[in-house]
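Let's take a walk through this structure, starting from the inside and then moving to where the chains meet.

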Amino acid sequence: MKARKLPLIYPTAGFAGLLFVLGAMWYAASSQNNTAVYLLLFALTAVFLVSIPHTLINLAGVTVTLESAQPTFVGQEVSLPLEVMNDSRATRHGIEVALPGSDGEHPRIDYIPARKAARVTLRFPARQRGEHNVGTLCLTSAYPLGFIRFLKKFASSRTYIVYPKPEGDVRLPSSFMHRREGNPLTEPGEGDDFAGLREYVHGESQRHIDWRAVARGQPLMTKQFAAEAEGVLYFDFFALRLVEVEEKLSQLTLWIIEAERARRPYGLRLPGNEIPPAIGQPHFHECLRTLSLFQVETPHTDPILSSVRRA
Amino acid sequence: MSTSMSKSGSMRDRSIPRRPLLWLAAALLFTLPPMFGSLVRWVPYVFLLALAMKFWMEPRGYRLRFATLKLILAAMGLFAIFASYGSLKGVEPGISLLVVLVSLKVLEAHTAREFQVMVLMGWVLCLCGFFLSQDFVIALSLLTAFALLLVALIQFYRGSSPGAFWPPLGTTGKILVQAAPLVVLLFVLFPRINTGLRVDFRANRLANPGFSDRLSPGSIAALANSSEIAFRAEFPGSTVTPPGSLYWRGAVMWNCDGLEWRAPYVPVSISSRGQSSSNNTIRQRITLAPHGARWMFALDRPSEIPPGAILARGDYLWSIQTIRKARRYEVVSSLGPARKELTPGERREALELPPSISPAVRELAQSWTTQNSNPRAIVNSALQFFRTGFRYSLTPGEYRKNDLEQFLFHRRVGFCEHYAASFATLMRLAGVPARVVVGYLGGEYNDLGHFFLVRQADTHAWCEVWLPDSGWTRVDPTTAVAPGRASLDLHSFLERGIASGQMEARRSGFLTQLARSRLFTNARLALETLSYEWDTRVLAFDADVQEVLLDSMGLANRGTFVLIIEILIVAIALLVTYFGWMQLRTRSRADRVKTSYERFCRKAARLGARRDPWEGPSDFSRRAALLLPDQSERIRQISDIYIALRYAAEPASVAVALDGFAKEVRAFGRYR
Amino acid sequence: MTDPVDAFTKQICEVIVGKNQAVKLAVASLLARGHLLIEDIPGVGKTTLAQALARSLALAFQRIQFTSDLLPADILGNSIFDRGEQRFVFHRGPLFAQMVLIDEVNRATAKTQSALLEAMEEHRISIDGVTYELPEPFFVIATQNPQHAVGTFPLPESQLDRFLMRIELGVPDRASERAMLLGMDRRDMLKELKPVMNPRTLIEIQDNVRKVHASPALLDYLQDLLDASRQRHITGLSPRAGLALMHASQAWALMHGRGMVLPEDIQAVGIAVMAHRLGHDIEQPGQSGRTLADNLLHSVPVP
């Protein structure tokens, strides 16, 4: 990643304290004409001033490279693995990685030896589905004295994808053959024959949880009925009787996860897009990706991020 | 590499790791010495206790948490301070309060930000220390604390980086070395703006005059064990020490009351005209320790008056202002004979006697006069009298002020003040005008620094008598009793006394051995030299001296603001230099090669051969050589070196190749 | 060290007229211990190239024509019960040679293909629990017709990765073709070819290829390329592709008498190494791997 030209320096909270102490020293020295206190004042001032180039140099030759991020669902945590490389011939200390506008953790790297790299993961909550630009990454460092912080920005063209939040109360549609004629699809009824248990998928309806099993101390299981245990599934955006687009997308997402987990082939139909039934990880991710990009324009930048970039 | 996660960057929820805490504790310990000397005993102990408790509490996760508890402890501290001092006003109670609060803060602090606060408080404690004392040793300790606080802070920000001792010390050292020129610049040139808010906190602290305007039995003997420094003296312009004994004249006492003599409260100023008639003069540079009175000292006897002083009747110096800080002055003393005339008023005063003189004493004086009325003969008779049966002692026992008879005829044990007082009184009884002079005798010569160090222990009293042919003449009756005393400083004299078994003061053998060992002596001398340098070069450099210096540099009429701006510019230039230097040292070789090559590419582009970003160096070399046939040789050469530097396995002499490369690139495109 | 390589390359170029670049890439692939996939229409000299290579190196040469009814055992060999010795005896298949030419690799079934590719990767064959080492050096040249031909089983993406390079020979230009028409019969020429290198020299050179220096700067460039491919395409270049790119460019650098790899070396072998690995992009259908590779090379800056 290319570093932005202008580095930023800003004082930390400790700087106010330092100013106060310097002020106190100055007042004491000048009011008492105390030469020794003057010496102390100037020593502290000089040390602080000299620490500024030390802080600046601490990020010289340090670059950050983003690696590709795993897709996540809204409500989960995005984790962006990245590598901070120290190209210089000196050890660098106390570097923090931050993504402006995200309110997650700021990983701190205590040190990177010369010509070595450190790997950290940036985590923050995923709030909105779609493909997001990482935008600007910041490396900051307050080493060695912590009175000023130096910030170096890196522009990244890396994107990460956030799938819609899997949730909804509608049961998995029963199997049917997709009819090319396009007859309106009926809301699938629920099968009656109990076909077994499967693991509960977070976000799905709680109506079919086997509560008796829970009472016995077993994990959450959902009762599966004969109707959903066989055949090819076709998830249709139009057939869903839900009002909000987001609600529909969430429901579809949940279904896809359920179907994938049940190892049943499934297809997806969205306005202007259709994915034929299949099964397996690539298909799974293709479907979810299509859902997350539904009615979203090309890579989408957080408003906060773009404001930072303008600044 | 170690990484740690933290919320929004400020390390808010990390507790304080042990290693920086150790450094911090070490630093805070070094802020203690001035406190032990000046504050109520329990205050520094409270501080020590807090530090020790912190080490016990921190690993266990204990903290001083509850606001009420903190308040109660603070109130207790406040009360204790009030109880100890009887007041909360003034420097000592104020500093004591601060120390108590810092102790509480140490117990309470547990987050990263608070660590920084503790370090800042440590620096404030250094500041307080300098309020209490500016002695060299104290200053050394406080400056060590200052540096250690820096180490603690750096260690704190280093986190889990390897190395807890040398690496943070090294970084600190580097920062301090780089800061040093800046400190000198600021110290020497930064204008000491006078705020006009001068509050003299210190008036009550300088009850350390060495001697008072009163010479009473035991008053000097009380100082004999004080190693506190009175002043230092240099003899500029001459490397040899002046011949004879060094009598440092301090004050002249006219008022006699038997064994007690007194100087006038406000001396009468006289002019120095006619004083320096003799060519036997000596120039001295005296650095006087602050003593809160107005005495100033010079070799017997001063003839040229330093600024800010008057010459008092009796030929001694008297400061116009009270001496509250170290003062440095130059004075010329005349070693030749003094003035010859004595006014009738002075004669009357110099013969005045208290009525309470016992008949036996009067008789003694009378006997000398009847023997021979020549004043010189009288002086000799008196000295002869003292030579027999008198003993010189630090601990002569109690005398009251009119115990003259007791001293002269019965106990016959005394210290210099006894001899001087009694001798002068006897002279007056015998009709010879006499007065007592107090000051210092001798001093320790420091070979390294070429100066005399005069301590309070060197305080001495002697007499002056008026002889018609030579005027005021110094007579030191002590030398009659203890002949070696005048040529030695007191300690050497006492040591010699031990050797000859004369003195009753005995010290343990080991300590004496240690005190006499060469190493110890040298160390002490070196410390004194440094201490002297600290006093004369650092402490003495106050606003007034700075003004003189700025004046001599032609910077005085520049205006404070302009001067500050100029200093700022120099400082920034220095910082930029440091940055450049560090960058040069830590930037990778590849980076430097790359920068040079990019420069070459820019030049080539200007000449018409633009490199595509994805174009490799040898492809570009070929293409550029075709585009710029007249530069082709050079282009090929530069590209070849670049390829060798950047892509080959380590070439034999990297540095040479690198410099050569940079030079080639600089030269490229210059000649077409 | 480079002299035998030079002579060798030159000799092949005499046989395969007008295809210097393709020949050099083939040689580079051989030196880098990689296998070669030639994709082209029949009759452009694929077999001739393979034979020329084998003859010039005095390698044991085998040719296998893949058909849809070919079974793995037909190429690997099989165990036959020997009545005399009363035990199974392994009869080695045609794959046990130093240079194997597989004609029309995409005509065989997936099963046979994967048996072949596994042997290529491992340099050994396991049958009935016994492992047989393949000879050294071992070099496979597979040819395949363009994918749309009828009755073919295209090589799966994962297995294409096993080939270090994919090259195309293509129709020679007019002058070369004329020279070919006028010149000696290729078959006779092949017979007259003298070995310029023995297998041991070849192994030595192959060892030397791995020692060609790749500086940090070069590795930066290589990683930038890999990174860019991963960012732009869902199926970016695998780590194995990175290794392939590195080894091929090392071989290329050695062939040009250099002890270090330059970005130019990567660019020279880049399309041959990357194209068949990038050809399956879902996002950009209609773009051949060749174009994608070319785009990569012309957009990733040399650091």
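## The nonpolar cores

In the largest nonpolar core, which has 130 residues, the ones that touch the most other members are Val37(A), Leu40(A), Ala43(A), Val84(A), Leu127(B), Leu149(B) and Ala152(B). A nonpolar core here is a set of buried Ala, Val, Leu, Ile, Met, Phe, Trp, Tyr and Cys residues joined through C-beta atoms within 7 Å. Buried means that 20 or more other C-beta atoms lie within 10 Å of a residue's own, with C-beta atoms placed from the backbone. There's also a second, separate core of 108 residues, including Ile125(C) and Val302(C).

Now zoom in on Val37(A). Leaving out residues up to four places away in sequence, Val37(A) touches Met25(A), Ala28(A), Ala29(A) and Gln32(A), plus Leu127(B) and Phe130(B). Touching, or being in contact, means that the C-beta atoms, placed from the backbone, lie within 7 Å.

## Where A meets B

Chain A and chain B each put 61 residues into their contact. On the chain A side, α2(A) gives the most, with 20 residues. That side divides into 36 nonpolar, 17 polar and eight charged residues. Ala, Val, Leu, Ile, Met, Phe, Trp, Tyr, Cys and Pro count as nonpolar, Asp, Glu, Lys and Arg as charged, and the others, Gly among them, as polar.

## Where C meets B

Here 18 residues of chain C contact 13 residues of chain B. The chain C side has eleven nonpolar, six polar and one charged residues.

## About the model

This is a predicted model: local features need pLDDT of at least 70, and side-chain atom pairs count only at pLDDT 80 or more, while totals for chains, interfaces and linings use all residues. Residues are numbered from 1 along each chain as its sequence is written, and chains are lettered from A and ligands numbered from 1 in the order in which they are written.

Notes. Two residues are in contact if their C-beta atoms, placed from the backbone, lie within 7 Å. Helices (H or I, at least four residues) and strands (E, at least two) are DSSP runs, numbered from the N terminus. A residue is buried if 20 or more other C-beta atoms lie within 10 Å of its own, exposed if 12 or fewer, and partly exposed in between; C-beta atoms are placed from the backbone.
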